[in-house]
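Dear colleague,

I am passing on the structure below, together with some notes on what came out of looking through it. Please read the notes with the structure open beside them.

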Amino acid sequence: MKIEKIGVQLWTIRDYLKTSEQIKESFKKLKKIGYDQVETAGCSISYEEFGKIAKDTGIEIINTHENFDMMYNEFDKALEKQKFLGTLRMGIGGYRNETLADFEEFIRKANIVGKKIHDCGGRLSYHNHHVEFKKIENGIVPMELLAEKLDPVNTSIELDTHWVQRGGGDVREWIKKLKGRIEILHLKDFALDENFNPIYAEIGNGNMYWEGIMEEADKAGVKYYVVEQDTCPGDPFDSLKMSSDFLHRNFM
């Protein structure tokens, strides 16, 4: 398979996005090492200026991770921010709770927000972590519940490969299960440190079977491939370049 573009979840370089000048230089660096798209995790400057810098540096903003309470309670305000960024895809960075009732209430609200976004021409995305794989009442796995009850038309699942693996899920099976519902796939490798603790790694430097993952992603209709590395051993741009080099060499 071949993909045309790759993106970055900007949480990876969060320490380099504090001022307008830092953002501009960071976006230029991302372009230089092979990235054309980004996903935001909030903005430290005005959304209008952030969106302009992205446009001026040739970076496409494909999705956001925003505060869900704002989306639900102040939808018009959230939508206005999105328009400044040039995307109507609005993302939730995850949801952590322990009870079935809370997850069901969240899903109810998410479907309401998703319908509003879809009516405006966009889509709501849900990004998983590993906590959604911990069984709750009656042996229910929240990730299964989310897959079953989130509206497949108005919402999408932003599957994160590392977190599925860390939660004990099968990445390729989850991609198959969510065929047609994954607009954005988070590419994040999984490795073990010297004490056998799970850690993040550059794509290709961990233990994940990327050839199989990318093959299933292509079959499932994934539109965007976004690299994220929550923590890096050194300069995050060096880690992102390693991931970009691996993806360009093998899949682009």
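**Strand 5 and its neighbours**

Strand 4 (residues 89-92) and strand 5 pair in the parallel sense over four bridges, where pairing requires that DSSP finds at least two bridges between two strands, and where helices (H or I, at least four residues) and strands (E, at least two) are DSSP runs numbered from the N terminus. Please keep in mind that this is a predicted model, in which local features need pLDDT of at least 70 and side-chain atom pairs count only at pLDDT 80 or more, while totals for chains, interfaces and linings use all residues. Residues are numbered from 1 along each chain as its sequence is written, and side-chain values use heavy atoms, with hydrogens and water left out.

Within this pairing, Met-90 has Leu-124 of strand 5 as its bridge partner. Between the two strands the chain passes through helix 5 (residues 100-119), and this β-α-β crossover is right-handed, meaning that, with the strands pointing away from the viewer, the path from the first strand over the helix to the second runs clockwise.

Strand 5 is also joined to strand 6 (residues 155-158) by four bridges, and these two run parallel; here Tyr-126 has Ile-157 of strand 6 as its bridge partner. The chain goes from strand 5 to strand 6 by way of helix 6 (residues 142-149), in a β-α-β crossover that is right-handed.

In a regular strand the side chains alternate between the two faces of the sheet. In strand 5 (residues 123-127), Arg-123, Ser-125 and His-127 on one side and Leu-124 and Tyr-126 on the other are all buried, that is, under 20% relative accessible area, with exposed meaning over 50% and partly exposed in between (1.4 Å probe, protein chains only).

Helix 6 has Pro-142, Met-143, Leu-145, Leu-146 and Ala-147 as its buried residues, and their cover includes helix 5, strand 5, strand 6 and helix 8 (171-177), with contact taken as heavy atoms within 4.5 Å.

**Cysteines and the whole chain**

With a disulfide defined as a pair of cysteine sulfur atoms within 2.5 Å, the count comes to zero. Cys-43 is in no disulfide, and the nearest cysteine sulfur, that of Cys-120, is 19 Å away. Cys-232 counts as partly exposed because its relative accessibility is 21%.

The protein chain has 10 helices and 10 strands, and buried residues make up 52% of its 252 residues.
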